[in-house]
Amino acid sequence: MAKLLLLLFSCAIALPVFTQNENLQLRFNQPATLFEEAMPLGNGRIGATVYGGVGTERILLNEETLWAGGPVDPNMTPEAYKNLPAIRAALFDENYRLADSLVRSLQGSFSQSYAPLGDLYLDFNHGEKTPENYRRTLDIQNAVATVEYKIGETTYRRESFVSHPAQLLVVKLSATGKNKLNFSIRAGSKLQFGVKSSSPDLQLSGFAPIHAEPSYRGDMPMPVVYDEKNSMRFHAAARVAQTDGKVTAMGSYVQVKDATEALLLVSLATSFNGFDKNPGTEGRDEAAIAQQHLDAAAGQSFEDLKNSHTADFRQYFDRVSLDLGETAAASLPTPERLQRFAAGEQDNSLAALYFQFGRYLLISSSRPGGIPANLQGIWNEHVRPPWSSNFTVNINAEMNYWPAEVTNLPEMHEPLFDFIKNLSKTGEVTARTVYNCGGWVCHHNSDIWAMTNAVGDFGKGSPVWANWSMGGAWLSTHLWEHFLFTQDKEWLRNEAYPLMKGAARFCLDFLTKNKDGWLVTAPSTSPENIYQTPDGYRGATLYGSTADLAMIRELFTGTVEAAKILGVDAEFQKEINASLSKFYPYQIGKKGNLQEWYHDWEDQDPNHRHVSHLFALHPGHSITMETSPKLARAVRRSLELRTNNGTGWSISWKISLWARLHDGEMAYDALQKLLNYHPASQETQMHGGGTYPNLLDAHPPFQIDGNFGGTAGIAEMLLQSHDGAIHILPALPKAWPTGSVKGLRARGGYTVDISWENGRLTEVAVTPDSDGKFQLKYNGKTARLKGKAGKKVAMKW
């Protein structure tokens with residue numbers, strides 16, 4: 001048994017010191033030409049992507065609420081439920097071809113798309129001279145992008161950040177040396193827009209489409225439609241707030257001449273006024289909102305703005321630190337580091353940087369009171385973006401928030417909870433009209449308007465992705481997870497439990513007995529995968545998929561536990577427990593794998609990117625190494641058959657799955673594949689995932705979920721707490737022999753610091769949120785400890 005040394009002491013509060021850590025910087029030695037090379041900034045609401053050009057600087061502008069469309073009609077398929085008996089009859093008659101055809105009758109409209117607001121351009125009068133000493137950096141600890149180069153005897157520098165306190169994009173430009181700053185400010189948009197200037201301001205106004213077809217529908221008549229009366233409006237205002245040069249309005253642009261420095265403030269706003277309000281006729285005054293933010297910053301210096309921004313950002317970012325060892329490659333440009341790592345060179349600090357980059361992106365794209373991070377976070381340049389840049393809730397939206405709790409960013413989880421509340425309102429109508437069920441439901445896709453119907457343009461969508469109906473169940477598990485980490489009973493009572501109960505109510509009503517007497521879902525799919533029956537039919541619709549039942553198990557178990565804690569709904573608890581006792585059990589297939597389908601069928605694609613049938617191991621808890629070792633071995637076999645290859649987000653999921661199996665080497669193998677260098681491009685593939693030059697995830701194309709999943713996976717390798725104990729270094733790979741992590745969170749309300757040397761734990765410190773007992777597990781040994789709220793318990797091994 002390990003020798004224990006227990007120390008109790010109060011946590012000290014240190015004032016932030018706004019220094020720069022070179023290990024927390026992305027570096028580039030040339031301007032970006034494509035989005036996948038540029039530097040993303042954000043404050044949750046405003047996204048700015050800085051390209052770092054020399055002759056022309058381009059800054060892509062996004063605002064999280066700028067979407068196509070308007071409030072959804074949840075009653076769009078009022079009698080769809082009448083088709084359900086025929087679908088179930090076909091399924092239980094094993095007529096899957098007919099079921100695949102009939103299930104299309106449950107489909108409604110497609111979701112709407114997240115839209116790009118526009119681009120800000122700074123045109124510099126540098127002439128034909130070639131820049132020297134070019135560098136650009138993204139400091140992810142301070143959330144500041146810097147561009148610097150020298151032309152002749154003058155050094156030009158730009159610092160940019162998006163401030164949450166000020167709600168502005170802030171850009172400081174300076175010239176040091178012989179020559180001055182001479183530049184013009186202009187703006188444009190891919191949407192309908194107009195531009196005007198009035199010194200020192202430049203104004204960009206316009207409309208989002210009322211409808212934008214998903215890009216995967218290809219070329220079709222009128223894919224983008226505008227309606228100025230009902231479309232969402234947007235407004236951007238750029239102001240030269242301070243300069244020692246001359247500012248002149250020139251119609252569609254603003255000119256600055258003979259300056260040594262200039263401070264540019266950019267404000268964005270839309271007319272969005274809620275998911276159930278028409279943004280055209282019931283919208284907010286976007287121009288007035290943008291102007292208010294600019295006016296509020298009047299008189300503030302760049303240093304004032306930067307200090308308040310940095311203090312705000314670092315109050316979250318500095319909660320967690322990760323040290324996997326220093327490497328000489330840390331000073332190299334980030335694209336070169338990725339390429340060297342892909343070629344087999346060791347670069348542990350790159351893994352640490354990638355971990356923290358995910359946390360940076362979450363703070364930058366999801367703030368309390370806002371909209372959840374979508375498929376591209378808040379950074380999108382396309383009017384018809386890949387998969388509409390929407391909320392894809394059969395994995396991607398959930399994966400965005402996997403790091404929120406464990407990496408100590410619970411506040412960033414809040415937009416998802418607010419969104420779930422919106423979904424529950426439209427989802428009640430969908431549950432009733434499509435399935436004749438109580439509670440609420442959500443299908444495969446959603447958008448800012450809280451759409452919950454099955455997509456497919458009323459029967460034109462493939463059931464393999466359109467008809468999956470477990471979005472409400474999966475999303476609701478995030479509510480329970482937040483409680484497990486925070487132990488906030490009032491929040492559980494007032495916010496989480498009513499939503500969990502509604503999702504559980506739908507599942508109770510939707511479950512039906514099959515001819516074997518088991519409770520199953522029907523119709524069912526396993527997200528985006530296709531089975532092959534013994535007679536050769538390849539289809540999507542079945543009954544009782546493993547993924548469906550695993551998600552419902554997780555929801556039911558959490559709902560019952562929540563009701564017990566709150567002392568409510570005894571009869572509802574009994575109803576859920578009675579249902580759970582009749583669930584079709586997990587099955588082990590002939591290959592030793594965890595069966596994905598009700599029957600032991602083959603997959604059309606044995607290496608399919610989705611691994612939803614393994615949900616019970618991660619992010620769920622109903623299969624663990626300790627409580628169900630046979631099923632855990634079946635999960636392992638499933639992962640071996642799938643391989644660690646796939647799209648970016650698929651690979652990142654496998655990191656966590658291998659970590660839950662306590663296999664650090666296979667988890668690290670998946671991480672290596674996730675960090676595989678992918679050149680900047682915008683092609684679409686269902687394989688070959690990796691990482692773009694700017695560390696954004698390559699599906700490809702760019703999807704932010706892989707970044708968040710990778711961060712969560714690294715955390716899962718170092719700390720787990722899903723089975724009632726705190727597991728220390730459960731999946732530490734040999735590649736990380738020495739290191740430390742501070743500030744990770746464990747379920748039950750604990751903050752955990754860990755240090756290790758030569759592959760062995762040296763010290764762990766746990767700070768409980770409340771008085772009580774807890775268990776630590778490491779390398780087959782268990783320590784049972786007592787703690788007091790706010791007092792650190794340190795233990796040397």
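Which residues lie nearest the centre of the second largest pocket?

1. Please keep in mind that this is a predicted model. In the second largest pocket, the residues nearest the centre are Glu64, Thr65, Gly369, Gly370 and Ile371. They belong to a lining of 23 residues, and the pocket holds about 390 Å³ of space.

2. Still with the second largest pocket, helix α9 (residues 414–435) gives the largest share of the lining, with 4 residues. By class, the lining splits into 8 nonpolar, 9 polar and 6 charged residues.

3. Rolling a probe the size of a water molecule over the atoms shows where empty space is left. The count here is 6 cavities of 30 Å³ or more. About 310 Å³ of space lies in the largest cavity, and the second largest cavity has about 110 Å³.

4. The largest cavity has 26 lining residues. Nearest its centre you will find Trp402, Glu481, Phe485, Pro619 and Arg747. As for class, its lining is made of 10 nonpolar, 9 polar and 7 charged residues.

5. Which helix supplies the largest share of the lining of the largest cavity? That is α11, with 6 residues. At least two lining residues come from each of α8 (402–406), α11 (471–486), α16, α18 (705–718) and the strand β30 (719–720).

6. The second largest cavity is lined by 11 residues. Phe35, Glu36, His382, Pro386 and Phe702 lie nearest its centre. The lining of this cavity comprises 5 nonpolar, 4 polar and 2 charged residues.

7. Helix α16, one of the contributors to the lining of the largest cavity, spans residues 648–660 and includes Gly648. Is Gly648 buried or exposed? Gly648 counts as buried because its relative accessibility is 0%.

8. What does Gly648 touch, leaving aside residues up to four places away in sequence? Its contacts are Leu674, Gly689, Gly690, Asp697, Ala698, His699 and Gly706.

Key: Residues numbered from 1 in each chain as written. Predicted model: local features only at pLDDT ≥ 70, side-chain atom pairs only at ≥ 80, totals over all residues. Heavy atoms only, no water. Buried < 20%, exposed > 50% of the residue type's maximum accessible area, 1.4 Å probe, protein only. Contact = heavy atoms within 4.5 Å. 1 Å grid on protein atoms, 1.4 Å probe; cavity = no way out; pocket = protein on both sides within 12 Å on 5 of 7 lines; lining within 4 Å. Points joined across faces, edges and corners; volume = space filled by probe spheres on them. Nonpolar A, V, L, I, M, F, W, Y, C, P; charged D, E, K, R; others polar.
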